[in-house]
Structures are given as C-alpha cells and as structure tokens.
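Hello,

Here is the structure I promised to pass on to you. Please have a look at it first, and then read my notes below.

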Amino acid sequence: TVAGGQGGLGDGQQLFYPSDVAMAPNGDFIVVDKNNHRVQLCPISGSRTCRTVAGGQGPGKGNQQLHYPMDIAVAPNGDFIVADQYNHRVQRCPGGGSGDCST
C-alpha cells in the first residue's frame, strides 16, 4: 500500500473513494480522493505521508474547493488539471499545492 488503506474519512493518510491516479514529474503519486473532495500528493517512497494539493475545504464552488473530483492529468508545467464533476467544470490547480485553482 502506497496511499490510504486506513479508512475513508479523516486526515491526509485516509482516502475515501479514490477515483484516479497520475504521476507527478518527480514520480510521486497524485490521487483524486473523490468523496473527500480533494487531490492528494503521496510520495513515491510509500511512506503514506500524503498532503492535500487541491480542494480539501469541503465540497463547494470556491477556487480552493472541489465537489466530487473524478479525473486528473498533469500539465507540462506540473499543474494539476482536475475534472470537478458536480461543479461541471475542469480546474487548473497549482502543482505546488498552494493557491487558487482556476476554471
């Protein structure tokens, strides 16, 4: 197990219906944590010390919120392109994990 496996709700080490995985340029895993309304960056080392890089502020329409994200891709510059299902939008979120996403 390289991410999750500790139940569904709670801290950054738990995933609740992960729906997609991509690879960051450095080899880390980027996991769409659908029912926690966030995107997690998990180290390739398998330490399970994941951190939220998009969403994680509860479901909503704000620039730092997602509502049942489904899929992810990584842009050439490292930003995350997230299919935000219930908001009917595609968001571009900073690859560094801080700052607002944009439609």
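What follows is a short tour of what turned up, from the whole chain down to single side chains.

Please keep in mind that this is a predicted model, in which local features need pLDDT of at least 70 and side-chain atom pairs count only at pLDDT 80 or more, while totals for chains, interfaces and linings use all residues. Residues are numbered from 1 along each chain as its sequence is written, and side-chain values use heavy atoms, with hydrogens and water left out.

The overall picture

The protein chain has 0 helices and 7 strands, where helices (H or I, at least four residues) and strands (E, at least two) are DSSP runs numbered from the N terminus. Read from that end, the order of elements is β-β-β-β-β-β-β. Of the 103 residues, 42% count as buried; here buried means under 20% relative accessible area, exposed over 50%, and partly exposed in between (1.4 Å probe, protein chains only). The chain has an accessible surface of about 5,100 Å², and carbon and sulfur atoms account for 51% of that (Shrake-Rupley method with a 1.4 Å probe; for residues, only the protein chains shown count as cover). As for contacts (heavy atoms within 4.5 Å), among those between residues at least 6 apart in sequence, 32% join residues at least 24 apart.

The sheet of S5, S6 and S7

An open sheet of 3 strands runs in the order S5-S6-S7 with antiparallel pairing; two strands pair if DSSP finds at least two bridges between them. S5 and S7 are the edge strands, each pairing on one side only. From one strand to the next, the twist averages 25°, with axes being lines fitted to C-alpha atoms (for helices over the stretch in contact) and angles running from 0 to 180 degrees between N-to-C directions.

S5 and S6 run antiparallel and are joined by 5 bridges.

Val82 has Gln91 in S7 as its bridge partner. This hairpin has 4 residues between its strands, and His88 in the turn shows a positive phi of about 55°. S6 itself has a covered face made of Phe80, Val82 and Asp84, and an uncovered one with Ile81 and Ala83.

Salt bridges

Side chains of opposite charge can pair when their charged atoms come close. How many salt bridges does a search of the whole structure find? There are 3, a salt bridge being a side-chain nitrogen of Lys or Arg within 4 Å of a carboxyl oxygen of Asp or Glu.

One of them links Arg38 to Asp33, with the closest N and O atoms 2.7 Å apart. Arg38 counts as buried at 7% relative accessibility, and Asp33 is buried at 0%.

Another salt bridge joins Asp84 and Arg89, at 2.7 Å from N to O. Asp84 is buried, with a relative accessible area of 1%, and Arg89 counts as buried too, at 14%.

Arg92 and Asp79 also meet in a salt bridge, at 3.1 Å from N to O. Arg92 sits in strand S7 (residues 89-93) and Asp79 in the loop between S5 (69-74) and S6 (80-84), so this pair ties together parts that are 13 residues apart in sequence. In this pair Arg92 is partly exposed at 35% relative accessibility, whereas Asp79 is buried at 16%.

Aromatic pairs

The structure holds 2 aromatic pairs. One of these is formed by Phe16 and Tyr17, a tilted pair with 5.2 Å centre to centre and 40° between the planes. For the terms, rings of Phe, Tyr and Trp (its six-membered ring) pair if their centres lie within 6.5 Å; planes under 30 degrees apart count as stacked, over 60 as edge-to-face and the rest as tilted. Phe16 is partly exposed, at 27% relative accessibility, and Tyr17 is exposed, at 56%.

Best wishes
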